[in-house]
Amino acid sequence: MTDRDVHLPVAAQPTIDSIADYTRAAEEAGYDCAWLPETWGRDAVTVLAAMAERTDSIDIGSSILNTYSRTPAMLGQTAATLQELSGGRFRLGLGPSGPVVIESWHGVEYGNPLRRTRETVEIVRQVLSGETVDYDGDDFDLSGFRLRCDPPETPPPIEVTGMGPKAVELAGRFADGWHGIMLTPDGTRDRLEDIERGAELGDRDPDDVQITAGVT
């Protein structure tokens, strides 16, 4: 069965209430998930919390929170908190965004986006487990801390964006899902092959990787 998701607009929205109203309308229409991006307007986490508070059954997802402006540990804390607030309806969408936004808006060097995304996914999983986080990577080195609150009984899925073959392969290998945007039908078919290759490299079943295809 194919789920129906909706990606909410962030531009030209007068209030948080208007975004929450879209979410409620999607829930009433039978949509399965409402995704909210984060750009250079309202921060997504605050708005996602409002969306979760004002709905009952629809999943609430970030698509995407970038992997540069928040640390992996903070992303893990955020995912745990929104999973608690939503009663288990949160889906964590991550991605590196692009160098223009990361460097010109956040003032952070873009670096190696594939490596940073992979390490972020791995660290967030450790945080959500509730166990002490010990991680020795190229971009991040963490040790000695764990969540001070109870971890989610059901950890939220971690889904990543990507358009190039290696980025999509990474999603198939390490993440619970992949978000595809601005792709032609042929491009989508090519990227699905990348998902399958990544899943094989990760010794996983490709069917376990949730595919979210954005259509304008």
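Where does Gly87 lie? Gly87 sits in the loop that runs between helix 3 (72-85) and strand 4. The model is predicted, so local features need pLDDT of at least 70 and side-chain atom pairs count only at pLDDT 80 or more, while totals for chains, interfaces and linings use all residues. Residues are numbered from 1 along each chain as its sequence is written, and side-chain values use heavy atoms, with hydrogens and water left out.

**Loops and surface**

- Helices (H or I, at least four residues) and strands (E, at least two) are DSSP runs, numbered from the N terminus.
- Gly87 counts as exposed because its relative accessibility is 64%; buried means under 20% relative accessible area, exposed over 50%, and partly exposed in between (1.4 Å probe, protein chains only).
- The C-alpha atoms of Gly87 and Asp59 are separated by 9.7 Å, and the two residues are 28 residues apart along the chain.
- Met163 belongs to the loop between strand 7 (158-161) and helix 6 (165-174).
- With 40% relative accessibility, Met163 is classed as partly exposed.
- Together with Ile181 and Met182, Met163 forms a nonpolar patch on the surface, and the accessible area of the three together is about 320 Å².
- Patches are made of residues with over 30% relative accessible area and no salt bridge; like charges are joined within 9 Å, and nonpolar side chains (Val, Leu, Ile, Met, Phe, Trp, Tyr) within 5 Å.
- Accessible areas come from the Shrake-Rupley method with a 1.4 Å probe, and for residues only the protein chains shown count as cover.

**Helix packing**

- Two packed helices are described by the angle between their axes and the distance between the axes.
- Axes are lines fitted to C-alpha atoms, for helices over the stretch in contact, and angles run from 0 to 180 degrees between N-to-C directions.
- Helix 6 packs on helix 7 (residues 185-201) at an angle of about 45°, and their axes are 7 Å apart.
- This angle makes helix 6 oblique to helix 7; angles under 35 degrees count as roughly parallel, over 145 as roughly antiparallel, 65 to 115 as roughly perpendicular, and the rest as oblique.
- Helix 5 (residues 113-129) packs with helix 6 at about 15°, with 10 Å between their axes.
- Helix 5 and helix 6 are therefore roughly parallel.
- The crossing of helix 6 past helix 7 is right-handed, and helix 5 also passes helix 6 in a right-handed crossing.
- A crossing is left-handed if the near helix is turned anticlockwise from the far one by less than a right angle, and right-handed if clockwise.

**Salt bridges**

- The structure contains 13 salt bridges, each being a side-chain nitrogen of Lys or Arg within 4 Å of a carboxyl oxygen of Asp or Glu.
- One of them joins the side chains of Glu159 and Arg91 (2.9 Å, N to O).
- This pair links distant parts of the chain, with Glu159 in strand 7 and Arg91 in strand 4 (residues 90-95), 68 residues apart.
- Glu159 and Arg91 are both buried.
- In helix 7, Asp186 and Arg189 are 3 residues apart, so about one helical turn separates them.
- The side chains of Asp186 and Arg189 form a salt bridge (2.3 Å, N to O), and Asp186 is partly exposed at 49% relative accessible area.
- Asp194 and Arg197 form a salt bridge through their side chains (2.8 Å, N to O).
- Asp194 counts as buried at 5% relative accessibility, whereas Arg197 is partly exposed at 34% relative accessible area.
- Salt bridges with shared partners connect Lys166, Glu169, Arg191, Asp194 and Arg197 in one network.
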